[in-house]
Amino acid sequence: MADDRDEKSGVSGNPNNKSSMYNRSITLTSSEFAKRSYLYNSSLSPLERSGSIKKLYNSSISSFVSAVSSGNSIKGKVKQLCSVFESSKKKPPLAEPPPPQSQLLLLKPAKSLGCSDSKVSSCCENSGIRLQGTEDRVVVYFTSLRGIRRTFEDCCAVRMIIRGFRVIVDERDISMDSAYRKELQGVLGEKNVNLPQVFIRGKYIGGADVIKQLHEVGELAKMLKGLPVRAPGYVCEGCGDVRFIPCSECSGSRKIYDEDEDQLKRCLECNENGLIRCPACCS
């Protein structure tokens, strides 16, 4: 029985046989190997097999050539598209529509608003509002508080424009002394007053918009001509151009001691903040 199994399996029972169990790759018989057609196809000759390889090679070459040609065609299409876009970029831009007339009126200077230089100066000079005692100076009512951004920026702009002419300016900060607010309300005859407000030689000129327009047309320089001029870069050593210093009587406490009545009293020399005008630059 063992011999029959050995014969069926193709393994010899002789221990000296080279086809032993240690070399199982050659234990298959030729008949069994022939039955397995997927290992060896006897129907094809060597020449036919080489021809099939050539066909495979030719087909791969033809597919590669077709892929290259299709790539070249795609490149050509891409170049055409690029040329179309470049030609569209080189076209002159379309003319922008003109802005509406309302914007043109806002952008026009004072000359183009229907009033010449002489008319602007005559309107300012013929104003009936005057500030007594200031015929030899420029007075600017402003605020140094930044509560309202637009008001603060207008005040800074007007002060810088006038300081550019190096004239001596009497700057009256209503946030440092409420008496200046009451004074301005009494002069203009209005309770609600916009800031800043400018007086030149005692004549009322106007606010920030008027000063900017006069400066653009060159009329402001004519109105400031002849006024006292200070040295360039001058800064008051007493107040640092703040125009106020602490009161020397009460040292800013707003109270003084009355020896006769033996009690504290309100200082009459300073304002509600315990400040007085700088005697060096505001005398």
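**Group meeting: a walk through one predicted chain**

The protein chain has 9 helices and 8 strands; helices (H or I, at least four residues) and strands (E, at least two) are DSSP runs, numbered from the N terminus. This is a predicted model, in which local features need pLDDT of at least 70 and side-chain atom pairs count only at pLDDT 80 or more, while totals for chains, interfaces and linings use all residues. Residues are numbered from 1 along each chain as its sequence is written, and side-chain values use heavy atoms, with hydrogens and water left out.

Two totals to begin. Of the 283 residues in the protein chain, 25% are buried. Buried means under 20% relative accessible area, exposed means over 50%, and partly exposed is in between, with a 1.4 Å probe and protein chains only. Among contacts between residues at least 6 apart in sequence, 64% join residues at least 24 apart; contact means heavy atoms within 4.5 Å.

Next, the aromatic rings. How many aromatic pairs does a search of the whole structure find? The search finds 3. Rings of Phe, Tyr and Trp (its six-membered ring) pair if their centres lie within 6.5 Å; planes under 30 degrees apart count as stacked, over 60 as edge-to-face and the rest as tilted. Tyr141 and Phe199 have ring centres 5.9 Å apart and planes at 75 degrees, so this pair is edge-to-face. Tyr141 lies in strand β1 (residues 138-142) and Phe199 in strand β3 (residues 197-200), so the pair ties together parts that are 58 residues apart in sequence. Tyr141 is buried at 0% relative accessibility, and Phe199 is buried at 0%. The rings of Phe199 and Tyr204 have centres 5.3 Å apart and planes at 55 degrees, so that pair is tilted. Tyr204 is buried, with a relative accessible area of 17%. Ring pairs link Tyr141, Phe199 and Tyr204 into a cluster.

Now to the loop between α7 (178-188) and β3, where Leu195 is found. Pro196 is placed in the loop between α7 and β3 too. A cis peptide bond joins Leu195 and Pro196, with omega about 0 degrees. Is Leu195 buried or exposed? At 14% relative accessibility, Leu195 counts as buried. Leaving aside neighbours within four places in sequence, Leu195 is in contact with residues including Tyr141, Phe142, Thr151 and Leu184.

On to the helices. The axes of helix α6 (residues 149-163) and helix α8 (residues 208-217) come within 10 Å and cross at roughly 35 degrees. Axes are lines fitted to C-alpha atoms, for helices over the stretch in contact, and angles run from 0 to 180 degrees between N-to-C directions. From α6, the contact is made by Asp154, Ala157, Val158 and Ile161, and from α8 by Ala208, Ile211, Lys212 and His215.

Last, two loop residues. Ser251, in the loop between β5 (244-246) and β6 (255-258), has a positive phi near 60 degrees and is not a glycine. At 63% relative accessibility, Ser251 counts as exposed. Asp262, in the loop between β6 and β7 (263-266), has a positive phi of about 55 degrees although it is not a glycine. At 53% relative accessibility, Asp262 counts as exposed. For background, most residues other than glycine have a negative phi, and most peptide bonds are trans.
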